[in-house]
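The following exercises are meant to be worked through with the sequence and the coordinates side by side. Each task is followed by a solution that goes step by step.

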Amino acid sequence: MTSTDQQTQDGEWPEEPATHRRVGVDEATRRGEADSGSEADWREQHADWRGVAAEQTDEIPAKASLFLRRRSRRLLGELVRPFRRTIALLVLIVLAENAARLSIPYLVKVGIDNGIPPIVAGESAAYLFTVVGLVMVAALTQAATRWTFLLLAGRIGQSILLTLRRRVFNHFQRLSTQFHDRYTSGRTISRLTSDVDAIDELLESGFDGLVTAVLTLLGTGVLLLVLDVKLGLVAVGAFPFLWLITRWFRRGSAKAYRRTRETVAAVIVHFVESMNGMRAVQAFRREPRNQQIFERLDDDYRLANLRAFRLVGMFTPGVKLVGNITIAVVLVYGSYLAIEGEVTVGVLAAFLLYLRQFFEPMQEISQFYNTFQSAGAALEKLSGVLEEEPSVPEPASPTPLPVARGEVRLEGVAFGYVDGPPVLPGLELAVPAGQTVALVGATGAGKTTIAKLMSRFYDPTGGRVLLDGIDLRDLDEDTLRRAVVMVTQENYVFSGTIADNIRFGRPAASREEIAAAARAIGAHDFIAQLPDGYETEVSNTGGRLSAGQRQLVAFARAFLADPAVLILDEATSSLDVPSERLVQRALRTILADRTALIIAHRLSTVEIADRVLVLEHGRVLEDGPPQVLIARGDGRFADLHRAWLDSLA
Amino acid sequence: MSLTTEREHPARRSGIHSLWRFRAYLRPHRGVMVLMLVTALAGVGISLSIPLVTAALIDGPIADGEAWAIVPLGLLALALGVLEAGLIFLRRWFQANAVLGIETALRDDLYARLQELTMEFHTRWPSGQLLSRATVDLSAIRRFFGFGLLFLVINTVQLAVTIGLMIHLHLPLGILVAGFALPIIVLTRRFQREYSLISRRVQEEQGDLATAIEEGAVGIRVIKAFGRRRHVYDSFDDKARKLYGSSVDKVRLSARFWTFLEVIPNLGLVLVLLFGALAVGRGELTAGALVAFITLLLQLIWPVAALGFILAMAQEAMTAGDRLGEIFDSVPDIVGGDVELERPRGRLRFEGVGFRFPDSAEEVLHDVHLDVVPGETVAVVGATGSGKTALTALVPRLYDVTSGRVTIDGVDVRELTLANLRAIVATAFEEPTLFSMSARENLTLGSPDATDEEIRSAVEIAQAAFVYDLPWGLDTRIGEQGLSLSGGQRQRLALARAVLARPKILVLDDTLSALDVHTEALVEEALRRVLRDATGIVVAHRASTVLLADKVALLQDGTISHVGTHHELLRDVPVYRELLGQDAEDLDVEEVLQ
């Protein structure tokens, strides 16, 4: 909509700081982190501003800030580029629209000045009719261009959002788990929801408002000067005052705006936390203290808002004041000039009409400023995410592996985190196809690291991991994941039905195959007891699907995927003893013809392996079939086994 | 937690009644509301009178060529202009205070109500849904009370007055302009209907998309493990494209409507110019009056266009009012009684207790009888999903029994005040909840006055001395937004918290599950001392934990089937043997090697 129809005489809408409408749950995640010790350390280690490094902090040095702004602009440029033709067209449309809009008061002036006298003189009204016709044409042109503009701009905006959403989502999915471990899901969600929304808001209302405001300001200014230089100069004389007020507002609001964001985030953090922890809150009678804290935070937020509201509350009447004084001056001076015969009544009327249009868009600038700021912040974060490179990249020219046999070899594999001692100093390991290997060792021995390297969640810092003789880094994602599947303690259940969740292991699987997989690992019984069996919506189980049941679903999923290599990292930890027994029995059959790597707490699970590796500090201490290791009698595994037998007695 | 779960929609449509219930919040600000209305109306009056001054200038001094007469009228215009700005300032200044006051009061009350509501409510409502009510919906209501309501009144007044003025200036032209109101009203209503449909659709699709985003983020490791990036992307893309389609529909609808609202006054202008100029020509109207007429007409553009806006805002506020109403209308179904036990001894009895979740027909527990004398500890053992946690939640009344009763020292827990009951009972949960605050505050949740010695001794019992080694010791911020702790560490803190509360009845809901065998043994050793002075309920998976208890209750098919000592049950009950028997007592490989 144009400047004229969007606000009252005093520009009512701008006063809403755009913040609170869009801050999501995850803003919570973002804040608070900044003041914990570990995050501060983390920040120190990443003094570089590339990627998502700048997200944690409010104070950014000038140079870095310039870098971030350039990066955001680059992203914006990339997003806009495909539409540059349409945008050029849009510019023309906007120009035409504004020309049409601005011409109306001028035509009114011409009509009054030149159309009326002939009629008064009793002559023909043809001139008036012509002018009225022109006003009609202008009005229709304005409507048509406006309509086209809104449609085109809206469609472009939505297309940009779609592209951005797709790009960021896909990028997040490509980034390695290492990144996600650090970044947390809350922030990921926040990027894709509240940040995209911020840009949405800018595209939806901000740009339109700004473009119209700027064009109206410039166009009207020029027109006023053309209409009458003297009066025009009086009107343009208001410019410096407007500029000063706007500058004052921009500075003040940047601060006030940031403060509202901070305070609302604090409210949200407290709110979400106490809601999620309501059981503990009520069990420990924490309610009064919570209420106290909440009311204090809420009041901080109120005060921050109050400050922002009052800034707008001064800005708006300020602009109004300048406008009204200018109108009064133009009125007096114009009347004087009219008496002197230097301007006509029509010019004066047109002037007053234009002046209204002249000051109104100023109000819109305060609105635009808020949207622009939050969109800018969002763009900065999104461009940071897109700049992150997956630490586990896809190969440029992948080696094909149509059917994996499942032979896994680790050659001199080393791994360590950036700032720590090496987890694996250099491991040699060959697992022939079909063998089941159990990893045994104390916490920190490197068991999970081996699992993650074999499933390429991480890449080794030295050496190679080979599947059927091919470096994992040379396999494309689809081939690799078809061949190697890992099940961990983490049993995420997606929305949808139980069947959907199992089908996740192999999207093409039939209902029978799904049921067969569930039966094989002993999940069928509990699923059959659910209200709609396999078609029960997970959300309708009301979170009452226990950890053990989720784990069984995860097992069925992995079984259905039917990989050549199956990696189980503490995958049975949430099961109660009888269920675990069931799974162990099932595993014996399932693992018979595939390569498997098992990490487990309990010795009974280890027992089903063909081969046991005892690890310490990333080195293999013992290696052999469990019976052989036990029979040897002097090793760690033998000790372990003896202790177990003792406990059974 | 899904942010998007759609609540069941109330049968009746949201209307003005949805907001009327909140009128009490306006009451403290009555004075300001009146002031706002008065200043706003005065502002409208002034902005209407400035064109009249112009008319007077054109028809008076200019027509008569009397330069001296310009000054007083000019000064009048100036004074009016300054006054208008002053009134706007005044209104906004007070309005900010009132409107934010209303919002803050509503939010505080909402929070208080949410704290009163029971676990039954909180498990049903994802916190994202509650949050969106506390933020998005509240600002919708604030916007309406602050601006929408005011301008609904003012714009209507302004429209009426302006049209009245026009009719006064020139009857036929005035009526002509008034005639344009008809198509506007009709089309606005139609737009309103269509718009509310489409924006609800957009909202729902945004919710679906948010779910896809959430799953993509939270389930990233599973997605990677199965290489299902494309599968997940497709489902995301499907939703994103749906949203795109609806958003474009929305754009199309509003483009049409906004253009329409704009073109109508312009068409009015065309007619006014035509007939006005003719009227001036015939001498029925002065040139000044025509200018004033046109200025007034242009001033109508905003109020007309804004009506659509304001009505949409009102609709939004009413929906928000309904959404808030859903919470304010939820009555806490667990309220305290008025009995206080001065010196509780801690005798706990379950008398024929039955329990089912409110929205399910199936009983989780039935006919549960259990008597625990002061100082005695009972272990509750059962398979996954057998209702152990539900049983323990009945004691501090996180849930209420659906039949039978739970008594403490012979008094039904429902007769005790909640404060008293929850001081007597402390629970350490399996999934420990830590808040983003200092370790100290987390520990003293149930006992704000605990001394440093008391804290130390509780921390030692729970083997949680690691808190003293945190960067800032007890003052280190931990919890969800703070320093991350391992599952075992969190459990130990939660245990220390429960111990620190010095309850007469201590409930341990599988509190030790994430501890390694070694630490577990140490904790159990220390716990024995605490449990000597308290009545204990211990939910257990491992035999070692069961040994903390004096007797064991076996929960089977929703009821306690056997009570006895660990050895008795091992000997006599095959099911128990299967659950906790020696052959199940597996060795923890990791621990032995550590």
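What is the mean pLDDT of chain A, and what percentage of its residues reach 70 or more?

**Solution 1.** The mean pLDDT, which is the predictor's confidence in each residue on a scale from 0 to 100, is 79 for chain A, and 84% of the residues of that chain reach 70 or more. Over residues 1–47 of chain A the pLDDT is below 50, although this stretch has 132 contacts in the model beyond near neighbours in sequence; two residues are in contact if their C-beta atoms, placed from the backbone, lie within 7 Å. Where pLDDT is low, the predicted coordinates should not be read in detail. This is a predicted model, in which local features need pLDDT of at least 70 and side-chain atom pairs count only at pLDDT 80 or more, whereas totals for chains, interfaces and linings use all residues. Residues are numbered from 1 along each chain as its sequence is written, while chains are lettered from A and ligands numbered from 1 in the order in which they are written.

**Exercise 2.** Describe the overall form of chain B and its division into domains.

**Solution 2.** Begin with the secondary structure of chain B, which comes to 20 helices and 12 strands; helices (H or I, at least four residues) and strands (E, at least two) are DSSP runs, numbered from the N terminus. The radius of gyration of chain B, taken over C-alpha atoms, is 35 Å, well over the 25 Å that the globule rule (2.2 Å times the number of residues to the power 0.38) gives for 594 residues, so the chain is more spread out than a compact globule. Along its principal axes, the C-alpha trace of chain B spans about 115 × 55 × 50 Å. Next, by an automatic or database domain assignment, chain B is divided into domain 1 (15–170 + 317–333), domain 2 (182–284) and domain 3 (348–431 + 504–585). The centres of domain 2 and domain 3 of chain B, taken over C-alpha atoms, are separated by 56 Å.

**Exercise 3.** Determine which residues of helix α6 (residues 171–179) of chain B are buried and which are exposed.

**Solution 3.** A residue is buried if 20 or more other C-beta atoms lie within 10 Å of its own, exposed if 12 or fewer, and partly exposed in between, with C-beta atoms placed from the backbone. By this criterion B:L173, B:G174 and B:V177 are buried in α6(B). They cover an arc of only 100° around the axis, taken from the directions from the helix axis to the C-beta atoms, which puts them on the same side of α6(B). On the other side of α6(B), B:L171, B:I175 and B:G179 are exposed.

**Exercise 4.** Trace the pairing of strand β9 (residues 611–616) of chain A.

**Solution 4.** Two strands pair if DSSP finds at least two bridges between them. Strand β3 (residues 436–441) of chain A runs parallel to β9(A) and is joined to it by 5 bridges, with A:A438 opposite A:V612. Strand β10 (residues 619–624) of chain A runs antiparallel to β9(A), again with 5 bridges, and A:E616 has A:R619 as its bridge partner. β9(A) and β10(A) form a hairpin with 2 residues between them, and A:H617 in the turn has a positive phi of about 45°.

**Exercise 5.** Locate A:Y492 and name the residues of chain B that A:Y492 touches.

**Solution 5.** A:Y492 lies in the loop between β6 (484–487) and α16 (498–503) of chain A, and is partly exposed, with 18 other C-beta atoms within 10 Å. Not counting residues up to four places away in sequence, A:Y492 touches B:V218, B:G219 and B:V222.
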